[in-house]
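Here is a note to read with the model open beside you. Take the points in order and find each residue as it comes up.

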Amino acid sequence: MVHGYKGVHFENWARTYSCCPEMYFQPSSQEEVREVLALARQQNKRVKVVGGGHSPSDIACTDGFMIHLGKMNRLLQVDTEKKQVTVEAGILLADLHPQLDKHGLALSNLGAVSDVTVAGVIGSGTHNTGIAHGILATQVVALTLMTASGTVLECSKSSHEDVFQAARVHLGCLGVILTVTLQCVPRFHLHEVSFPSTLGEVLDHLDEHLQKSEYFRFLWFPHSDSVSVIYQDRSSRPPFSSASWFWDYAIGYYLLEFLLWLSTFLPSLVGWINRCFFWLLFSRKKESCRISYQMLTYECRFKQHVQDWAIPREKTKEALLGLKAALEARPQLVAHFPVEVRFTRADDILMSPCFGRDSCYLNIIMYRPYGKDVPRLDYWLTYEAIMKKVGGRPHWAKAHNCTRKDFEEMYPAFPKFCAIRERLDPGGMFLNAYLEKVFY
């Protein structure tokens, strides 16, 4: 029998949201998950599953039962012929990467962070970049889901297809994901080249950049025209790096946090800080080559508030120039660097921000130097207004101010997803405050 714990305090990685669940469970098997759900039905409790806790929103918070799947973290099966692996839902990507590598395999695309669970990254619509690549959930070929009743559904394009199309971006509201089967590719190295440019140049030649590099993205430094262009492409070269880690990263980022802390007293410093650090860290060409999972992911050094919306790819220029103009027109608005701009291909996953259209993601951040909150509301609302104007959809793991009315307009398949959710969880066991804003 699985045992629950009282008095557990959950806090997300950014320390922006927290909760105290009534009971905290760490099941180690499918049957123990079923026991927790049976107890929740008996006591009329809500249930939320939590993974790595990296979502900078309250999507995983609850005052009911919380399930952490950290003990369900095994690589269950490797099909070397199909290049597919089946894993338990609680496995961290950081633990999965070296196991795939031993079998000569890799995931074709990854998000920025690896201290996250497989079920979490697909459920929140995690993405990276590359016009030939979809969000991470597009690499899922099958999954098993336990519903509120304790029934286990094996879902794929040939079995429970409607649930499969919903559950690949499940938002944690359809049930408990137990296992996931992922389509892999042969292991590969990525050669990265980064070089300085300007916002005007990149936007005027965007299609050329997209065609030149498989994993193209760029960083814009607000309060300036400066851009760092980043190309990442498959390579047979051995690992190397032209960056000066000690100065560029160790000293540079410690200095950045201190200056951002100073700017909380003198906000006018932010523009100068952005320009200074572009010159310090991004104003010269750099190259490196590493194994794919090391190149596609990186360590998040600072706690931060984040927004990240997917817009139609053809609206990239309009959105970025609109954000730049808004900052120039209102000098009191301060925006930390970088605005990260990435690209993904369309998919058919019901609640994917890329449903039915090739997309551009515009990721904005406001750092929390030494854990100190900084004013961001005006910047947030300005950004959201621009995103809505160009037809944007917010990243599910990030903070946003959208309601059901917004989602009904944003997502053609929203009614279909709602019908599936209500069928699988008629009592709303897997809802919380975040999801009530989505569905009610």
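1. **Ground rules.** This is a predicted model: local features need pLDDT of at least 70, side-chain atom pairs count only at pLDDT 80 or more, and totals for chains, interfaces and linings use all residues. Residues are numbered from 1 along each chain as its sequence is written, and side-chain values use heavy atoms, with hydrogens and water left out.

2. **Helix 2.** Start with helix 2, residues 93-102. Helices (H or I, at least four residues) and strands (E, at least two) are DSSP runs, numbered from the N terminus. Leu 93, Leu 96, His 97 and Leu 100 are buried in this helix. Buried means under 20% relative accessible area, exposed means over 50%, and partly exposed is in between (1.4 Å probe, protein chains only). Seen down the axis, the buried residues of helix 2 fall within an arc of 110°, so they line one face. That arc is taken from the directions from the helix axis to the C-beta atoms. The background is simple: an α-helix has 3.6 residues a turn, so residues three or four places apart point the same way.

3. **What covers helix 2.** Several elements cover its buried residues, including strand 7 (75-79), strand 8 (84-88), strand 12 (176-183) and helix 9 (292-296). Gly 104 follows helix 2. The phi of Gly 104 is positive, near 75°.

4. **Ala 112.** Where is Ala 112 placed? Ala 112 sits in the loop between strand 9 and helix 3. Ala 112 counts as buried because its relative accessibility is 17%. Leaving aside neighbours within four places in sequence, Ala 112 is in contact (heavy atoms within 4.5 Å) with Leu 296, Thr 297 and Tyr 298. Gly 134 is 22 residues from Ala 112 along the chain, and their C-alpha atoms are separated by 15 Å.

5. **Thr 297.** Now look from the other side of that contact. Thr 297 lies in the loop between helix 9 and strand 19 (304-312). At 14% relative accessibility, Thr 297 counts as buried. Not counting residues up to four places away in sequence, Thr 297 touches Leu 110, Gly 111, Ala 112 and Ser 114. A polar atom of the Thr 297 side chain lies 2.6 Å from the backbone oxygen of Tyr 293. Asn 128 is 169 residues from Thr 297 along the chain, yet their C-alpha atoms are separated by 9.4 Å.

6. **Thr 144.** Is Thr 144 buried or exposed? Thr 144 is buried, with a relative accessible area of 12%. Thr 144 belongs to strand 10, residues 140-146. Its side chain makes a polar contact with the side chain of Thr 179, at 2.7 Å. A polar contact is a pair of N or O atoms within 3.5 Å; within protein, one must be able to donate a hydrogen and the other to accept it, and residues adjacent in sequence count only if both atoms are side-chain atoms. Beyond four places in sequence, the residues that Thr 144 touches include Val 152, Leu 153, Val 176 and Thr 179.

7. A salt bridge is a side-chain nitrogen of Lys or Arg within 4 Å of a carboxyl oxygen of Asp or Glu. By this rule the count is 22. One of them joins Arg 423 and Asp 162, at 3.2 Å, N to O. Arg 423 lies in helix 13 (residues 414-424) and Asp 162 in helix 4 (residues 161-167), so the pair ties together parts that are 261 residues apart in sequence. Arg 423 is partly exposed, at 49%. Asp 162 is partly exposed too, at 28%.

8. Arg 342 forms a salt bridge with Asp 308, with the closest N and O atoms 3.8 Å apart. This pair links strand 20 (residues 339-344), which holds Arg 342, to strand 19, which holds Asp 308. Arg 342 is buried at 6% relative accessible area, and Asp 308 is buried at 1%. Asp 308 also meets Lys 398 in a salt bridge (3.7 Å, N to O). Both Asp 308 and Lys 398 are buried. Salt bridges that share partners join Arg 217, Asp 308, Glu 340, Arg 342 and Lys 398 into one network.

9. **A surface patch.** Finish on the outside. Leu 255, Phe 258, Leu 262 and Tyr 370 form a nonpolar patch on the surface, with about 350 Å² of accessible area together. Patches are made of residues with over 30% relative accessible area and no salt bridge: like charges are joined within 9 Å, nonpolar side chains (Val, Leu, Ile, Met, Phe, Trp, Tyr) within 5 Å. Accessible areas come from the Shrake-Rupley method with a 1.4 Å probe; for residues, only the protein chains shown count as cover. Leu 255 lies in helix 7, residues 245-263. Leu 255 counts as partly exposed, at 35% relative accessibility.
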